[in-house]
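Here is a short tour for anyone who likes to look at strands, helices and domains in turn. Please have the model open beside the text.

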Amino acid sequence: MGTWMQLTKRGVVFVFIGAVFSTLAQTSTNNAIITSGDYMGNTAGYSELSSRVIATSINGLTASGNNVISNSNGFFEGGDGDKAGFLPSLVAVGGSGLYLQNGTNTVFGGTFSGGAGFSSAYEDGYGIYQQVDAGSTADLSLYGGVIHSGLLVRAEADASAVLSISSNVTLNGSFSKAGLGELSLRGEVSSSIQQLEIEGGTVQLDSFYQLASGDVILLSDSSALLKADAGMGIAGSVVGVVGATLEVADLLNIGGSMSQINVIFTGVSNRLELVSGTNITATTFFATNGLADTLAFTEAQVTSSEALGIGQTYQSFERIELADGVSNIWELTLVDVARTNFIVDGGSGNNDMLAWKDGGTYSNAVFAGAETYNTGFELYGLSEEADTWLAAADDAVLGSLNARGGSDVLDFENYKVEAADIGGSGIYQNFEGALLSSTGSVWDATDGYGESFYIDASRTNYTLSYENATGGITANTGDMGSDDRYRNFDAVLLSGFADIWEVDTTDSTVLTYIDAGNGEDLLSGNLENATSIGATQLYRNFEQVSLRSISDVWTVTSGDDDLTWVDAQGGADTLIGALTDSSSMGASDLYRNFERVRLNDGNSSWTITSGDEALTWIDALGSSDTDVLMGALSDSSDIGVSSLYRNFEQVELTSGGDIWTVTSGDSALTQINAGGGADTLRVNTDQQIEAQSFDAYASFETLRVLDGVVDLGTHSLTWNGTYIQEADATLSLLATTNGVVAPRLSATQIQLTPETTIRLDGESFSNYSVMNRYTNQILQASSGFILDEAVNTEAANGFDVKEWYATDEGLFAVFDRRSLSDATNGITVATGSTLDQILMEIDTLSSDEAARMVDLVFSAAVNPTAEDLNKVYGRSVALPRAMSHLRNGVFRSISDRATERRMMMGPRSVPRGARAPATSVGGSSIWVKGYTANGSASQDGVFEGYDLTGVGSMLGVDVGVGEWLFGAAGGAYSQTMNMDESGDYTGVGTHVSGFVSYGIEGWFVEGSLSAASASLDFESEGLFALEAQYAATDTSFYLGTGYMMKDERSAWIPEIGILISSYSQDEVTDTSQTSVPVELESISQTSMQMRMGLLGVFRRGFIGRELLTQVKVRWMNHMSVFEDEVDFRLSNGAATYQMPLLTPAKSLLEVGLSAQLRMNRSFSLLMGFDFESGGGYSANRLSTGLRYNF
């Protein structure tokens, strides 16, 4: 033994370069015994005593050799790492509380903690750090103490270390093994170490080790090896990396998780137990070293070799034990059933099952021999997939066969299983159905197999029989089909009682036939006819049919004769077929509860009976056939597309004395035949009935008109019997002009009662001439004519009946057409006036335009007046006035521009204002103006007043050369004139002008020439609507002079001139559908106008710019005399008439104000306002524009 030393020093704290350092960090040698004192490592390993860095001084205590630490109250603290000082050798990693190198060391007490690394890039220190150098040994015994910051044993290559640990040790943090050497853990390891990391090398456990739940063993290097020679229990987690290994002898119990580990069993007989909660990933278990290795489960399993990964995850186990006391299932495969290398034990208990994993076809032979390597199983089963079991008489030896999941079927080919053996306590459990044998033909539907068990008859043609039923049944194909209870049956045989078959649309696709057998059997459901009912049909031996309680349709066929009844039940049901009456329909008849009848397409007949009252309608259908309704009817109110009797073309009444009243519904019939007897046709309606309508009535002896209008139109009516017309009735006919005197209504006897009316109408009054006599025979009787003097005779507005007279049992009318100016029925105008003359000429015209106007005037829909007529033939022609508006505006703009240039031309002047631009001399410019105009004129005698609106634009250029000014301008405008009475003028125009001026101060002379064209569309929306398109041109020349009294800032200019204009307007013809058009002659006029005025021009500075303002007053007077009328004729007429012509106002006064704001030497803004008035007329114009000077 060496010499023992006792160290009892305490550290002192001081500040050095902003850090706190321990002044006394201790280093011990061999054979030291430490019983008291605190040991503080120096921060960054810096020693104050030596004023240098001593790396080991960062630890609380650094010891080598053999030491004993029994300092229960002492603190061993590593210093913090630091790199902030000026010394490059400062230690950055944290120091450990106790740092040991090799040797044999024993710790009985103390508190150990490591220092912090300088940053996350540097490791923290440990509570205890055991270093074992390569090839060396070390033995560390921990019997007590509190270890903070973890415990590290680093055993380098070929080094060997032993760590003995007591449960009295408190380890806060993980235990780490580093280096490639070997460490043996002894003592109470399970209760002391639950956080273990093996960074490399080997760790050997010398006793059984139990890893508690929530604790972790980490094998973080491929060289890491953990040996559990005495076995191991894992309730926590073991995590490795590729290549990491766990060696176990005897027992490995896993209830936690394990990942990325190679587990090698090293014992002769090993046992791997997997308990509840096990989670194993990327781990392989090798039992290759033992001869009797067992894989055991402690909870119920449904598994197989493939599911477990036998031979892959679990290798070379000789036995697999399933859990005891629970229900386990081992699933066989074709490969697994042939194995001989391991045994599967189902465990103790009575519910362990040996089953198949994959779906297929099996019999009891598949389990023969399987028991050799599969023991402890009490039950047998098939797979969770679809299986087929070949039933056999000796299946009872299995005790129980469970089909488990999937759609499983019992095959009865060799043996029919009794119903009692299926389900419940029977042999066959969880089978869904049975496949019948190929040798049978009938299956008893009362088999007792249960509704949840299907029967498949797909092998041959089977009949599903209810013959053994004890009473009538109700059946359908709802449980028959490829996925239903009864599958692939060919036919159904019902019982011998009163059965019901519920029809379904799938019946014909599922079955060949349904035989009702004996009894009164009912076919219920969606059927449309009896074609599928009969001895060789789909439905056999049925006597009754019951349709649905909705709107059904049944078509009559010969098969109906074999039925007792067809009941339509509720709903609006239709019976279709070759029926002639409703005698077979009723509550106790063949057809029951039908509300509608539809006859077959073709020539059908229906006889009315009292049974019809229970029906909603009888429809004869068809459009090209002739269907006859026969029976007692008084009118057609029950006949029509929405009535009781529909789509009948003819009616045939009874042989008695029938009375038929005409109604509007008769028009849908081609004939109403009265048949025999004294029959009367009555007209008792306020409607109008045309003569040709009576062609549909046959075999009537009397036509009695009580009310309404019998309208012969242009037709004639011959009645073979008596014609009676009573007080409220009217006989109306269109007058004829052909001169043929033939009766319009002929009858054997004619009787006109008092107050009845005969009316003469004209289809088109223009077909008749004024003052030309026409004679029409109205009535003619062959054997009796009764005409009461109180009969009313009338004529339409357009006719003037001169005489009604009766002779030779006939009635005649003599008439002519009234004139358009007829005081009572025409247009009231002043006698001898122009309008009177126009109407008289229209009376004589035979043109289409005249005919349309005549018919309109005499129609009952209108009441024309002289004012309506004056809008056409007395309207004011306004185009000359519109052209004068344009002319005044053009010359006004030219005059303004010439004045501006004269004011600006001349000697250069000094600019005024802070930024006023200098005045230019001469030069050229381009300018554009836009304007809007408004005006109005009041009515003046025959001349209409109007309101004027217009917009336009002008573009001009001018050039100043010395005292000369040359310019040109052009533009376009749009103008509307709303006349007070006749209508509206709307149109556009264009103009082009040139102008020249000489003189800029004193006297000057100027001239201009302008050419303009305009078109105005006139539209009148009065009673006699019309349109007209007017077009005109105008050429004007102006010559004038004036005197400019000018100084630098202003000028006054008196002026005088002559304007000569030549106006030309084209011929124009109205377009009208309601009046005789006007053909207006062309117009040519030349006029001379004198113009005198005074202008004031002023130049001022304005917000740093130059403002030029013009004030003007001008008087304009026409020295010419204008024609104020224009000639026109009627279209196809001969006479000439005059229409008012709106010419330019004779004398006008114009005032105006305009301004020009020069923005710089080139660019100017323009604005102006002008007003003119004279002769009841006034107008104003607002203009704006831009000018650019070059």
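Predicted model: local features only at pLDDT ≥ 70, side-chain atom pairs only at ≥ 80, totals over all residues.

## A pair of parallel strands

Strand β28, residues 251-254, runs parallel to strand β31, residues 271-274, and four bridges join the two.

## The sheet around them

Zooming out, β28 and β31 belong to an open sheet of eight strands, ordered β22-β25-β28-β31-β34-β37-β39-β42, with parallel pairing. Which strands stand at the edges? They are β22 (209-211) and β42 (374-375). Each has a single partner strand, so one side of each is left without a neighbour in the sheet.

## Two helices that cross

Two packed helices are described by the angle between their axes and the distance between the axes. For helix α4 (residues 834-844) and helix α6 (residues 866-873), the axes come within 11 Å and cross at roughly 85 degrees. Angles of 65 to 115 degrees count as roughly perpendicular, and α4 and α6 are therefore roughly perpendicular to each other.

On the α4 side, the contact is made by L835, I838, L839 and I842, while α6 brings A866, L869, N870 and Y873.

## The domains

Finally, the domain assignment divides the protein chain into domain 1 (25-41 + 56-192), domain 2 (653-818) and domain 3 (869-906 + 923-1189). How far apart do the C-alpha centres of domain 1 and domain 2 lie? The separation is 138 Å.

Key
Residues numbered from 1 in each chain as written. Heavy atoms only, no water. Domains from an automatic or database assignment. Axes fitted to C-alpha atoms, helices over the stretch in contact; angles between N-to-C directions. Parallel < 35°, antiparallel > 145°, perpendicular 65-115°, else oblique. Contact = heavy atoms within 4.5 Å. Pairing = 2+ DSSP bridges.
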